[in-house]
Amino acid sequence: MRARLGSHVQAAEPGWAAEYEAMLEAYREAGGDPEILSLPRLAALVVSANRVLASSEVPGVRFEAEERPNGILARITVAPGARPERPVHLCFGMLPPEGLQEIESHFEIGASADVRFLTHCTFPRATRLRHVMDATIHVGEGASMDYTEAHFHGPHGGIDVLPRASVQVEAGGRFVSTFSLVHGRVGRLEVDYDVSVGRNGLAELTTKAFGRADDHIGVNEVLHLDGEGARGMTKTRIAVRDEAVSEVSTTAEGNAPLARGHMDCAEIVRDRAVASNTPHVVVRDDRAHVTHEAAIGTVNRKELQTLMARGLDEDEAVDVIVRGMLR
Amino acid sequence: MNRDHASGSGGPRSRPQAALLRAEGLSLRRDGRDILSRVDLWVRPGEVHGLLGPNGSGKSSLAYALMGCPDYVTEEGRVRFAGRDVTGLPMTERARLGLTLAWQEPARFEGLCVRDYLGVGPADGDLERIEEALEAVALAPRAYLNRPVDRTLSGGERKRIELAAVFAMRPRLAILDEPDSGIDVLSLEDVARLIRRMADAGAGVLLITHRDEMAGVADSASLMCQGAVVATGGPDDVRTQYRRSCRLHMESLGRQPWNGESGPQAGRETA
């Protein structure tokens, strides 16, 4: 089934209203505000497992969805020059503790459009669940796309999350992505982003995650700065404790004159956790410039002692610092 | 100002019975070098006690040792605070008793906004108290509450926010390590006013400074040199002694102080 969805938020099928309400309640429990979805002039798409529960469009923003056995195929089109007043909300999740959700999405952001996406992924009861996001994103000439994806997981950690994206930013375009998994257990996370940036384009990738117990965090991000004057940055903020493991690999390629790239990685390690960072710097033009910085280890002593001098004990101080870093 | 105890002779003050903070014979060695050498010092409630001395004389080390920083555990001597021996207490416990420290170079916190930072500890997120603290350092709450306490703040702004954090804590005794460094001349008055306000509310303040304008806020003062307190008394006398010692130091290096013996630059040049 491929359906063009309705023009206001509503349950697509009456029988799914209860599941829609349950999704919103799970989102609320995870710290989100489902009331946002009631706002007027809001584009939103709510998907549970392989069912589109609700949708709404605004002028210039169009959804097409096709339900598949284990997920959906979604095409999200923003018309050239469109500038939606509010962020477009995408809600994905699964309420059962076990299962597979595969979201294949294709974003087409028209030239000179300016759009923000807020994506919430909610898996409150996962014990044996796999969530795959495969996205292609095309940011047209002079267009701007902000994409924020926040995950809300339950306490069990039995979940695999695999967000993958292939992004093309055309000349003068701008793509800013923030991926955040700091609520609940991570389980296994494998972020895999590949971004190409054209002339005078910009890409910023921020990834934040907090691993506990035996969580595993993998981040692989590649920036191809292909156009003259292209700029790109990766910013990775990860905290791991207990026996969690974090492996970060970032690549920035300066492939054109005046391309500028920077990779910035900070990881806080506690207990028996392990963190690693491998930056790859590739420069193919003598006028390009790529830099990197990484700080991995325990909490900064000065920050820690500053908070302890306010009366916080060490654990409380670490908590404040980590929460700040992952905000 | 409470200057009744300031000695006109520049000699040591009589040992008070009601000291809020008292260091007795504090000694600290590191890498085979004496960092602190049998330091005696005390601060009373409602008193601003200036701590002067050239760079490397041990002022900041003394501040960290009094606060109980883990890297500054003293080998000898005792620290008493509010009538209690806190020598073995960790800094968290000292802070919970009402002792705190504003760092010379305050830390920067990624992702933490001013409101969160000032709300940590005894302020417990109390917005009214946080706003009062910002106003006390002449920063408009509306403009600063949501600013991150990170590299986007200038050095002077960060220093003022550090002072506001201490003020919001309403400590019984605040150790202020060069609160005036990085602060523009016009704002020094705000900082001085804040320090007096804390003291007038009954808090003790140990004020580490190089600047004459700030030392003028003090009710009493001590001079440190090579890890030892070499003079304690009225602030004017101690400042005079500081300038004199700086002048001697400059002369020993074969240089002239650039603003004469009595000018405030004499001390700063050496520092």
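1. A residue is taken as buried if 20 or more other C-beta atoms lie within 10 Å of its own, as exposed if 12 or fewer do, and as partly exposed in between, with C-beta atoms placed from the backbone. By that criterion, buried residues make up 48% of the 271 residues in chain B. This is a predicted model, in which local features need pLDDT of at least 70 and side-chain atom pairs count only at pLDDT 80 or more, whereas totals for chains, interfaces and linings use all residues. Residues are numbered from 1 along each chain as its sequence is written, while chains are lettered from A and ligands numbered from 1 in the order in which they are written.

2. Chain B has 10 helices and 10 strands, where helices (H or I, at least four residues) and strands (E, at least two) are DSSP runs numbered from the N terminus. Of the contacts in chain B with a separation of 6 or more, 68% join residues 24 or more positions apart; a contact here requires C-beta atoms, placed from the backbone, to lie within 7 Å.

3. Leaving aside residues up to four places away in sequence, A:Val195 touches, among others, A:Val167, A:Phe175, A:Leu205 and A:His224.

4. Helix H4 of chain B (residues 127-136) and H6(B) have axes that come within 8 Å and cross at roughly 135°, the axes being lines fitted to C-alpha atoms, for helices over the stretch in contact, with angles from 0 to 180 degrees between N-to-C directions. H4(B) is therefore oblique to H6(B), since angles under 35 degrees count as roughly parallel, over 145 as roughly antiparallel, 65 to 115 as roughly perpendicular and the rest as oblique. In this contact, B:Arg129, B:Ile130, B:Ala133, B:Leu134 and B:Ala136 of H4(B) meet B:Ala164, B:Phe167 and B:Ala168 of H6(B). The residues of the contact divide into 7 nonpolar, no polar and 1 charged, with Ala, Val, Leu, Ile, Met, Phe, Trp, Tyr, Cys and Pro counted as nonpolar, Asp, Glu, Lys and Arg as charged, and the others, Gly among them, as polar.

5. Between the chains, 20 residues of chain B are in contact with 17 residues of chain A. The elements giving two or more residues to the chain B side are helix H2 (91-96), strand E6 (99-102) and H6 of chain B, and H2(B) gives the most, with 4 residues. By class, the side of chain B that touches chain A has 14 nonpolar, 4 polar and 2 charged residues.

6. Helix H1 of chain B (residues 59-67) is mostly covered, with 9 of its 9 residues buried, including B:Lys59, B:Tyr64 and B:Met67. Just after H1(B), B:Gly68 takes a positive phi of about 90°.

7. Most residues other than glycine have a negative phi. B:Arg38, although not a glycine, has a positive phi of about 45°; B:Arg38 lies in strand E2 of chain B, residues 33-43, and is partly exposed, with 15 other C-beta atoms within 10 Å. B:Gln226, also not a glycine, has a positive phi of about 50° and is found in the loop between strand E9 (220-225) and strand E10 (228-233) of chain B.

Definitions and conventions
Contact = placed C-beta atoms within 7 Å.
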